[in-house]
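I opened a notebook for this model and went through it feature by feature. The entries follow in the order in which I looked things up.

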Amino acid sequence: MRQGRVIVLVVVALLVGAFFAFGGHHALSFDNIKAQQASIQALFEANPWTTACVFFLAYVAVTGLSLPGAALMTLIAGAIFGLGWGTLIVSFASSAGATLAFVVSRFLLRDWVQARFGHQLRSINDGVAREGGFYLFTLRLIPAVPFFVINLVMGLTPMGTWRFYWVSQLGMLAGTIVYVNAGTQLAAIDSPMGILSPGLIGAFVLLGIFPLIAKRAVEFGKARRAFARWTRPARFDRNVVVIGAGAGGLVSAMIGAAVRAKVTLVEKHRMGGDCLNTGCVPSKALIKSARVVDQIRRAQDYGLKQASAAFDFADVMERVQRVIKTVEPHDSVERYTAMGVECLEGEAKIVSPWTVEITLANGQRRTLSTRAIVIAAGARPFVPPIPGLEEIGYLTSDTIWALRALPARLVVLGGGPIGSELTQAFARFGAKVTQVEMLPRILMREDPEVSDAVMRRFAQDGVDVRVNHTAKRFLVENGEKVLIAEHQGREARIEFDAVLVAVGRIANTTGYGLEELGIRTTPARTVETNEYLQTIYPNITACGDVAGPYQFTHVSAHQAWYASVNALFGTFKKFRADYSVIPWATFTDPEIARVGLNEIEAKERKIPYEVTVYGIDDLDRAIADGEAHGMVKVLTVPGKDRILGVTIVGEHAGDLIAEFIIAMRHGLGLNKILGTIHIYPTLAEANKYVAGAWKRAHAPETVLRWLARFHTWMRGDR
Ligand SMILES: Cc1cc2nc3c(=O)[nH]c(=O)nc-3n(C[C@H](O)[C@H](O)[C@H](O)COP(=O)(O)OP(=O)(O)OC[C@H]3O[C@@H](n4cnc5c(N)ncnc54)[C@H](O)[C@@H]3O)c2cc1C
């Protein structure tokens, strides 16, 4: 490949060199062309086909090699072949030449450019993948953008070659006709610049923005088609109805009320949704109790002779409920009503793009017409169809909070964040936990050493982690519940008392009108939306777990802004949901937090990176706290301090990473973190130390050598 590139580069350089060395640029000057017009004309009359073929090939060569003279050759085509034939020949030759230049640029440079700048180019790549044809068409129509620049730059993007060819041919047609037509009057033209009068340039610019207008028209047409079979109410009861009062729905309703829209929020189960009732809040409350138990067991590490961790599991679970109760007011009907949101307890069903039917908790029905609808219906635990599972009975993250007796032997199916957090918590309370994961390690999204750190800790907590184990069936044998898993072609038997299924969550997309409205789901089984979170009906948007692709409370809240603003104001201005910096944490011990790329992703996406690691075992505060373990691992652009991603493993990793989230969001590099005062002694100093480690690895050695000499000289040593 590399050799091929060198050969192509040499050939291109030789051809370009030869063009200039043999005076090609003089031959293709305007005066020369005018002087030679009669003899070329004679040549054409003597051998029309040969002249046309040679001209075609010469045109392809000039444009393919990005040589100057294409505009002049277009004029000659008009002068010699006339408007019809001239347009035909130039149209195909220029498109072929442009595609040749595109392919050469791609072959020589694309891999390098994408590898070097792929991360920064991500949004451009996404844009080209989505709307590249429109961009190219627009650029082709505006003659102010040089032809050869478009060819070379487009070659560096992911646009397909065939698409590039036909969009170019179509986009260049208007300009080609204008030039070829001008060429038919070559004798009357004084300079090629004269062809483009300000009026003509204006017309081209108008043509250039035509594709964007066309795009809007297409969007409008699509929406009209979707709306066609429905009758739009003459007036509306509400500006927006929000379905679901989890993180996504609550924030959507809050934003609607803040901008003084008339908002109704419908919740069929419990205000606060998953996060408050069965997700983040109870799991973090449980994890805290488990941690206290663990710390008491490690009392001697803290200089205490003895401490007892006697507890009743039922009390722990009651505390979890008390925590939920304490947080509940934040998401309560009272709070949202005070904000100006109408909160309805009931099940919502979308019956038209502007109508929501609500079956209230008391059995009554209400129908509300609304200009906009935000779908924030969340997700539920996915239960795989494993033989015997239904019969044996199982727990999920929805039902586990009702437990009051600790299962003696618990199987946790799933090595993702939810499965891992609950595995460790239950193990610390004394359950004999077996975690079953079909992949080679738990927390597969993270780098291998991160999974290793968690698995080492799990081993200390007495967890039996079974990776590469696929659950095959459940059965009861001699009154004992048994899981049969496949491991390296053999069957493994795991006896247990309770099983927690935590193998992923699936969006709630059925039963509330989406099917009837023709709103489709994605292959990931989330509601299909565009980049503005709009469904096929622009006034119906979706956010949170139901929309994906992330399943976090903070992402639901982030999306809610786009979903509500685009639903309410999308007719005037829409905002594309921004996923450029998405952080998350897994609240195991050690805690794991991440923002941006880790090594696995950087390799997958062929993004070059440098790694700097600071071991938290060396941090004063972590040592004082008896938590001297973990690391801060930063990926940067090679040779630069620009942060590509950070993984933190250790105490309060989820809090520590905030500094890097801000840095990435606002383009601050490691030098800025290093130049910021961090309080001593805090865990946050780890962030500064990793920046220091990066700085030391990039110390200007030559300058330092000279400085050493300078100091030697200052000391009077010679
Ligand atoms: C055990 C566990 C731990 C987690 N820990 C974390 C964590 O630490 N950090 C984090 O960021 N995320 C965590 N998550 C994920 C987080 O809980 C979800 O990402 C978040 O709750 C999604 O919010 P949402 O608004 O999209 O959906 P939900 O919170 O699920 O809300 C959707 C609501 O819509 C209602 N609804 C559905 N259909 C209708 C209808 N037709 N009519 C009326 N109401 C309807 C549902 O009853 C529900 O209340 C955890 C999840 C679990 C299960």
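I began with the naming of elements: helices (H or I, at least four residues) and strands (E, at least two) are DSSP runs, numbered from the N terminus. Residues are numbered from 1 along each chain as its sequence is written, and side-chain values use heavy atoms, with hydrogens and water left out. The model is predicted, with local features needing pLDDT of at least 70 and side-chain atom pairs counting only at pLDDT 80 or more, while totals for chains, interfaces and linings use all residues.

**Entry: backbone with positive phi**

I looked up Asn478 in the loop between strand E10 (469-477) and strand E11 (480-487). Its phi is near 50 degrees, a positive value in a residue other than glycine. For accessibility I used these cut-offs: buried is under 20% relative accessible area, exposed is over 50%, and partly exposed is in between (1.4 Å probe, protein chains only). Asn478 has 82% relative accessibility, so it counts as exposed.

I then turned to His652, in the loop between strand E20 (643-649) and helix H22 (653-656). His652 is not a glycine, yet its phi is positive at about 55 degrees. At 41% relative accessibility, His652 is partly exposed.

**Entry: cis peptide bonds**

I found a cis peptide bond between Gly548 and Pro549, with omega about 0 degrees. Pro549 sits in the loop between strand E15 (540-542) and H19. The bond from Tyr680 to Pro681 is also cis, with omega near -10 degrees. I placed Pro681 in the loop between helix H24 (670-674) and helix H25 (685-697).

**Entry: cysteines**

I took a disulfide to be a pair of cysteine sulfur atoms within 2.5 Å. The count by this rule is 1 disulfide. The bond joins Cys275 to Cys280, at 2.3 Å from S to S. Its S-S torsion is about -130 degrees, so the disulfide is left-handed. Cys275 is buried at 17% relative accessible area, whereas Cys280 is partly exposed at 26%.

Why is Cys543 too far for a bond? Its closest cysteine sulfur, in Cys275, is 14 Å away. Cys543 is buried, with a relative accessible area of 1%.

**Entry: helix pair H10 and H19**

I noted how axes are treated: they are lines fitted to C-alpha atoms, for helices over the stretch in contact, and angles run from 0 to 180 degrees between N-to-C directions. The axes of helix H10 (residues 247-258) and helix H19 (residues 553-569) come within 8 Å and cross at roughly 40 degrees. H10 is therefore oblique to H19. Angles under 35 degrees count as roughly parallel, over 145 as roughly antiparallel, 65 to 115 as roughly perpendicular and the rest as oblique. I listed the meeting residues, with contact meaning heavy atoms within 4.5 Å. Val251 and Ile255 are among those in H10, and Trp561 and Leu568 among those in H19.

**Entry: nonpolar cores**

I used this rule: a nonpolar core is a set of buried Ala, Val, Leu, Ile, Met, Phe, Trp, Tyr and Cys residues joined through side-chain atoms within 4.5 Å. The largest core has 39 residues, and Leu286, Phe426 and Leu500 touch the most other members. Elements supplying at least two residues each include helix H12 (280-297), helix H16 (417-428) and strand E13 (498-501). H12 gives the most, with 6 residues.

Beyond its neighbours within four places in sequence, Phe426 has contacts that include Leu286, Phe313, Ile400 and Val433. Apart from this core I noted another, of 29 residues, with Val241 and Tyr512 among them.
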